[in-house]
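Biologist: I am new to this protein. Could you walk me through the model, one question at a time?

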Amino acid sequence: MSSLFLLLLSTAITAAVASIPAYPSVSTDCTVSAADDNPVPVRREVYGDGRIFDISHRYTVDMPSWGSKGGLGQFLWLPSSMKNGSRSNNSLMKLQSVHSGTHVDAPGHMVDSYFDAGFDVDTLDLDVLNGPALLVDVPRDSNITAKVMESLNIPKGVRRVLFRTLNTDRRLMFKKEFDSSYVGFTTDGARWLAKNTDIKLVGIDFLSAACYDHSVPAHLEFFEGREIILVEGLKLDNVPVGIYNVHCLPLRLLGSEGSPIRCILIK
């Protein structure tokens with residue numbers, strides 16, 4: 001068999017596989033199958049009779065991506081498909097950014113000297129990312145300023161706080177187009193939190209903890225001491241305000257300033 005024929009055959013197979021949409025039959029409907037011979041996957045947000053809440057967003061092609069009108073776009077491909085003769089299905093994932101969906105920031109995200117020094121997601125403290133946490137509702141008529149932070153009266157000793165804002169009410173994480181009018185921390189709000197509270201984990205319900213007009217300076221306030229970890233893009237709808245145990249685990253991406261993260265709350 002000639003090398004030219006093998007090359008043409010390989011090219012044809014690659015093109016055929018590439019033309020197959022990634023997972024065209026996957027449904028996001030939360031349905032339960034009663035028939036064992038025709039199982040239907042169950043997609044849930046709450047587990048254990050209301051004891052466990054999944055506060056991570058499901059990745060979809062239409063979820064918002066920073067600065068994009070077209071959403072995240074295709075992120076899964078199936079280069080090895082059983083339907084095309086492979087022994088197994090093996091997916092390929094390509095994200096536009098490690099800061100897509102529910103994710104965590106490392107200090108190197110906005111501080112280049114920290115990036116060069118290796119303060120990546122593999123250096124983040126899992127003791128901070130896991131433990132008792134307070135879910136609070138933020139006043140809906142403002143970004144999170146120093147005045148708003150002071151009004152929340154978060155007790156000393158609280159180390160992990162998830163801030164639910166107008167972003168959840170507006171369902172911004174469910175909209176395809178990035179919306180720069182999202183709610184986040186102003187520079188003085190971030191500074192007030194860093195200097196006046198014991199909070200080391202800040203969680204928020206859109207792609208950035210800092211509001212759009214304060215994106216860089218507010219992040220710098222959080223990252224300066226390398227003690228505060230930002231978890232962004234949380235799914236906080238239909239979760240009662242209160243105290244939980246939060247569990248967040250980033251991927252160990254050596255050298256990366258961010259990572260997708262799975263976060264859950266346990267009563």
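Biologist: At what angle do helix 6 and helix 7 pack, and how far apart are their axes?

Modeller: Keep in mind that this is a predicted model. Two packed helices are described by the angle between their axes and the distance between the axes. For helix 6 and helix 7, the axes are 8 Å apart and the angle is about 5°.

Biologist: Is helix 6 roughly parallel or roughly antiparallel to helix 7?

Modeller: The angle between the two is about 5°. Angles under 35 degrees count as roughly parallel, so helix 6 and helix 7 fall into that class. The answer is roughly parallel.

Biologist: Which residues of helix 7 make the contact with helix 6?

Modeller: Both sides contribute. Helix 6 brings Thr187, Ala190, Arg191, Leu193 and Ala194. From helix 7 come Pro217, Ala218, Glu221 and Phe222.

Biologist: Where is Thr197 found, and is Thr197 buried or exposed?

Modeller: Thr197 sits in the loop between helix 6 (187-196) and strand 8 (201-204). Its relative accessibility is 9%. Buried means under 20%, so Thr197 counts as buried.

Biologist: Which backbone atoms does the side chain of Thr197 reach?

Modeller: One is the backbone oxygen of Leu193, 2.7 Å from a polar atom of the Thr197 side chain. Leaving aside residues up to four places away in sequence, Thr197 also touches Met149, Lys156 and Trp192. The other backbone atom, at 3.2 Å, is the nitrogen of Ile199.

Biologist: How is the aromatic pair of Tyr182 and Phe206 classed?

Modeller: The count comes to 12 aromatic pairs, and Tyr182 with Phe206 is one of them. Their centres lie 4.9 Å apart, with 35° between the planes. Stacked needs under 30 degrees and edge-to-face over 60. The pair is therefore tilted.

Biologist: How many residues apart in sequence are the parts that Tyr182 and Phe206 tie together?

Modeller: Tyr182 lies in the loop between helix 5 (166-169) and helix 6. Phe206 lies in the loop between strand 8 and helix 7 (215-223). Both residues are buried. The pair ties together parts that are 24 residues apart.

Biologist: Which residues form one aromatic cluster with Tyr182 and Phe206?

Modeller: The cluster holds Tyr182 and Phe206 themselves.

Biologist: Over which rings do the charged ends of Arg171 and Arg226 sit?

Modeller: For Arg171, the ring centre is 3.9 Å away, and the ring belongs to Phe174. For Arg226, the distance is 5.0 Å, and the ring is that of Tyr114.

Note on methods
Residues are numbered from 1 along each chain as its sequence is written. This is a predicted model: local features need pLDDT of at least 70, side-chain atom pairs count only at pLDDT 80 or more; totals for chains, interfaces and linings use all residues. Side-chain values use heavy atoms; hydrogens and water are left out. Helices (H or I, at least four residues) and strands (E, at least two) are DSSP runs, numbered from the N terminus. Buried means under 20% relative accessible area, exposed over 50%, partly exposed in between (1.4 Å probe, protein chains only). A polar contact is a pair of N or O atoms within 3.5 Å; within protein, one must be able to donate a hydrogen and the other to accept it, and residues adjacent in sequence count only if both atoms are side-chain atoms. Contact means heavy atoms within 4.5 Å. Rings of Phe, Tyr and Trp (its six-membered ring) pair if their centres lie within 6.5 Å; planes under 30 degrees apart count as stacked, over 60 as edge-to-face and the rest as tilted. A charge sits over a ring if NZ of Lys or CZ of Arg is within 6 Å of the ring centre and within 35 degrees of the ring normal. Axes are lines fitted to C-alpha atoms, for helices over the stretch in contact, and angles run from 0 to 180 degrees between N-to-C directions. Angles under 35 degrees count as roughly parallel, over 145 as roughly antiparallel, 65 to 115 as roughly perpendicular and the rest as oblique.
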